[in-house]
Amino acid sequence: MEIRELTCINCPLGCQLKVTMEGKEVVSVEGNTCRRGDTYARKEVTNPTRIVTSTVKVSGGKVPMINVKTQNDVPKDKIFECVRALKGVTIQAPVRIGDVVVANVAGTGVNIVAAGNVDAA
Amino acid sequence: MESYDLIIIGGGPAGLAAAVAARDNGIESILILERDKDLGGILNQCIHNGFGLHTFKEELTGPEYAARFIAQVKERGIEYKLNTMVMDISSDKVVTAMNRQEGMIMLQAKAVILAMGCRERSRGALNIPGYRPAGIYSAGTAQRLVNMEGFMPGREVVILGSGDIGLIMARRMTLEGAKVKVVAELMPYSGGLKRNIVQCLDDFGIPLKLSHTVIDIEGKNRVEAVTIAEVGPDRKPIPGTEERYTCDTLLLSCGLIPENELSRSAGVEISPITSGPVVNDSLETNIQGVFACGNVLHVHDLVDYVSQEASAAGRNAADYILHGHGENAKQVEILPQGGVRYTVPKYVRPEEMEDSLTVRFRVGDVYKNCAIATYFDDQLISRRKRPVMAPGEMEQVVLQKAKLAEYPDMKHITIKIEEA
Ligand SMILES: Cc1cc2nc3c(=O)[nH]c(=O)nc-3n(C[C@H](O)[C@H](O)[C@H](O)COP(=O)(O)OP(=O)(O)OC[C@H]3O[C@@H](n4cnc5c(N)ncnc54)[C@H](O)[C@@H]3O)c2cc1C
Ligand code: SF4
């Protein structure tokens, strides 16, 4: 039996959750005040995911940098790999929201897309 | 002198939403004045996700959220001037601005909407002893440097203040390869959202030390180390609790203040609590036809609320331009009590108000299992239980015009926190 402690992020109450695990199975969730805490805890201990956002350089644009993000959430342990995949990437203006910047980043099956518009200079 | 029906100062989310609402309510002649080289305001540097959850049911980044409103402004052909700094607003609504192409310009408006946003509290206001070496940045300045200019301010970082911008920057700098050693917070609770504490600090094992402050900064040319210490209930450092961290950068995330130099010199009455204009239910200041919305009015936690509030300001300004309004309308003051620090608006005009009015406020402390109670004079009108309230999150009460009409002799509305 393993016990993991988490803070629920779904509302300002921020319940301290205690998740009891048997190997990869969740045995119980305690400390939550409502159902959302239970759902969050189960996902967080079995398959935690995040949206990753960053910036890359733009050449020939009105501004030098553009906001990018993973189109969907990616496994939490891939965050650094996603950011590393963006090192040295430069894209050409004009760029529109949704343009693919890196396809299938870090083998996650998720694309990194532009999250801002940059017009050509 | 050139003239417009409506001039909006600031092209951030507040200015943009106000312009769209004014146009949709019948105002053709609108001008937005923005000192920056782009519309979108501070959102352009906020590259993390989480914007617009309430409005669009999606987690957008700052630039994505801004782009939606910029598109609405452009679709409507609303006029704007970039790189244009507003220097002065007179009490009779002459706006003086300056840019490279036109030099100094003076414009007459029938109505003005103040949407200048806020700025960060500087170190001067914080009173930390020691030299003033390089390597000390406000969290927002660091955000701008990293996200818009691609420049990393340092490699080993200590952050003072656990406001959202500081938390977001802890993650951002960690992802960019810096080592964030600690986040110190003076208060016994964080001013930031829980979500940010988990996803920006816990995810990366960055410690958050509550009830701690910076007591010494070492380094003559560049920051070399920072000493923090625990503080007692009086917020004074406790001897013997000092911890020294070597670092080359100190970020300060110590809160925001509305940017109201222009408003003050125009004669707008400013609340000492919010540092923003005192307004009535139409978000109008003490100067007729001058309205305020967004962070210049009071510091918001979520941009969704900024957009909602700004739409109301735009609608109300349109109504004022088209119909004027009743002089000397009856006003009822809202009194904040028992933990409620202020309310926006401060005054309600029962006969002129829209059918329902959202009153927003912040509490002064962390409250658990309490209720927000609203009284018309001594009569309890509504009571809503709140499991938890914190100074970092805005609260609200909705007032109904029909309900106010049942109390024609009312003197005050009171909003207070009570035991549940
Ligand atoms: C550094 C910083 C980081 C932030 N990060 C977050 C975040 O991560 N998440 C979040 O939800 N909220 C964040 N906020 C809060 C965010 O600012 C608001 O949600 C929202 O941007 C407020 O919109 P606004 O239009 O009122 O102000 P702003 O976005 O600040 O826009 C005001 C605009 O007015 C312009 N202006 C000011 N004075 C003049 C003048 N004299 N003449 C012409 N133009 C002028 C400014 O250039 C600016 O473009 C942050 C705020 C700051 C200061
Ligand atoms: S468990 Fe429910 S009440 Fe507790 S923090 Fe999560 S969402 Fe809020």
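Which side chain makes a polar contact with the side chain of Glu44(A)?

Analyst: The side chain of Arg50(A) does, at 2.9 Å. Keep in mind that this is a predicted model.

Start with the setting of Glu44(A). Glu44(A) sits in helix α1 of chain A, which spans residues 35-46. Its relative accessibility is 8%, under the 20% limit, so Glu44(A) counts as buried. Setting aside neighbours within four places in sequence, Glu44(A) is in contact with Leu6(A), Arg50(A) and Lys76(A).

Two of those partners lead further. Salt bridges with shared partners tie Glu44(A), Arg50(A), Lys76(A) and Asp203(B) into one network. Asp203(B) belongs to the other chain, and its link to Lys76(A) is a salt bridge between side chains, 3.4 Å from N to O. Side chains of opposite charge can pair when their charged atoms come close.

That takes us to the interface. Four salt bridges are counted between chain A and chain B. Ten residue pairs across this interface are in polar contact, with both residues at pLDDT 80 or more. On the side of chain A that touches chain B, the elements giving two or more residues are β5 (53-59), β6 (65-70) and α2 (79-84). The residues on that side split into 15 nonpolar, eight polar and five charged. In total, 28 residues of chain A contact 30 residues of chain B. The size of an interface is often given as the accessible area lost when the parts come together. Here the two chains bury about 2300 Å² between them, with 61% of it on carbon and sulfur atoms.

Another salt bridge joins Glu176(B) to Lys87(A), with the closest N and O atoms 3.6 Å apart. This pair also crosses between chains. Glu176(B) lies in the loop between α5 (164-175) and β12 (179-184) of chain B, and Lys87(A) in the loop between α2 and β8 (90-92) of chain A. Glu176(B) has 19% relative accessibility, so it counts as buried under the 20% limit.

Over all chains, the structure holds 27 salt bridges. Some lie within chain B. Arg76(B) pairs with Glu75(B), the closest N and O atoms being 3.9 Å apart. Arg76(B) is partly exposed at 25% relative accessibility, whereas Glu75(B) is exposed at 63%. Glu406(B) pairs with Lys403(B) at 3.4 Å between the closest N and O atoms. Lys403(B) is partly exposed, with a relative accessible area of 30%.

Back in chain A, take Met21(A). Met21(A) is part of strand β2, residues 16-22. At 5% relative accessibility, Met21(A) counts as buried. Beyond four places in sequence, Met21(A) touches Met1(A), Glu2(A), Arg4(A), Val26(A), Val27(A) and Val45(A). Val45(A) is 24 residues away in sequence, yet the C-alpha atoms of Met21(A) and Val45(A) are 8.7 Å apart.

The ligands complete the view. The residues around ligand 2 include Cys8(A), Cys11(A), Cys15(A) and Cys34(A). The shell around ligand 2 has five nonpolar, five polar and one charged residues. Ligand 1 is surrounded by 30 residues, the closest being Ala14(B), Glu34(B), Ile42(B), His48(B) and Asn295(B). A polar backbone atom of Asn295(B) is 2.8 Å from an oxygen atom of ligand 1. The side chain of Arg35(B) has an N or O atom 3.2 Å from an oxygen atom of ligand 1. A nitrogen atom of ligand 1 lies 3.0 Å from a backbone N or O atom of Val86(B).

Conventions. Residues are numbered from 1 along each chain as its sequence is written. Chains are lettered from A and ligands numbered from 1 in the order in which they are written. This is a predicted model: local features need pLDDT of at least 70, side-chain atom pairs count only at pLDDT 80 or more; totals for chains, interfaces and linings use all residues. Side-chain values use heavy atoms; hydrogens and water are left out. Contact means heavy atoms within 4.5 Å. Buried area is the accessible area (1.4 Å probe) that two parts lose on being put together, summed over both. A polar contact is a pair of N or O atoms within 3.5 Å; within protein, one must be able to donate a hydrogen and the other to accept it, and residues adjacent in sequence count only if both atoms are side-chain atoms. Helices (H or I, at least four residues) and strands (E, at least two) are DSSP runs, numbered from the N terminus. Ala, Val, Leu, Ile, Met, Phe, Trp, Tyr, Cys and Pro count as nonpolar, Asp, Glu, Lys and Arg as charged, and the others, Gly among them, as polar. A residue is near a molecule or strand if one of its heavy atoms lies within 4 Å of it. Buried means under 20% relative accessible area, exposed over 50%, partly exposed in between (1.4 Å probe, protein chains only).
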